[in-house]
Amino acid sequence: MKLLIEDSKSDPKTAVSAIQKLITVDKVDAIIGGNGSSTIMAMAPVANDNKVVLFVALASSPTITDAGDYVFRNRISGMFEAKEMAKFAYNKGYKRLAAVALNNEAGIPYITVFRKELENYGIELVAEELLTAGSTDLRTQ
């Protein structure tokens, strides 16, 4: 067995190139990796089309659950975390909150569920900001 490493640079386009190389050039049987939900969702069709297992260790987007027969993960969906964070806020007695999330496959569903759960607890979400990955100037937010 041999370990081959490719770097997606957390970029979906780079991730697709990497998985295509691993499958077509290196002829791998399985792939472990991809940390970001956006990169995983870009890689998933390639893995499925080629019937190569893509095992995801860290990505949390709920869309990964239905990404195909060859895509698996060992981390729970971030939706469970969003629900628990809303419950935590309620138990702490918070009445008003602001939320910040990444504008990607994981962040958008997370903040959507978080907002809904806060409403269920009667907590007002006074601001929500979606950030672009790699942003360095967050003064507006």
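A search of the whole structure finds one aromatic pair. The model is predicted: local features need pLDDT of at least 70, side-chain atom pairs count only at pLDDT 80 or more, and totals for chains, interfaces and linings use all residues. Residues are numbered from 1 along each chain as its sequence is written, and side-chain values use heavy atoms, without hydrogens and water.

**Exercise 1.** Find which residues form the aromatic pair, and classify its geometry.

*Solution.* 
1. The partners are Tyr90 and Tyr121, 4.7 Å centre to centre. Rings of Phe, Tyr and Trp (its six-membered ring) pair if their centres lie within 6.5 Å.
2. The planes are 25° apart, and the pair is stacked (under 30 degrees; over 60 is edge-to-face, the rest tilted).
3. Tyr90 sits in helix α3 (residues 78-92), Tyr121 in the loop between α4 (107-120) and β5 (124-131). The pair links distant parts of the chain, 31 residues apart. Helices (H or I, at least four residues) and strands (E, at least two) are DSSP runs, numbered from the N terminus.

**Exercise 2.** Decide how helices α1 and α2 are oriented to each other.

*Solution.* 
1. The axes of α1 (residues 12-24) and α2 (residues 37-50) come within 8 Å. They cross at roughly 30°. Axes are lines fitted to C-alpha atoms over the stretch in contact, with angles from 0 to 180 degrees between N-to-C directions.
2. α1 and α2 are therefore roughly parallel (under 35 degrees; over 145 is roughly antiparallel, 65 to 115 roughly perpendicular, the rest oblique).
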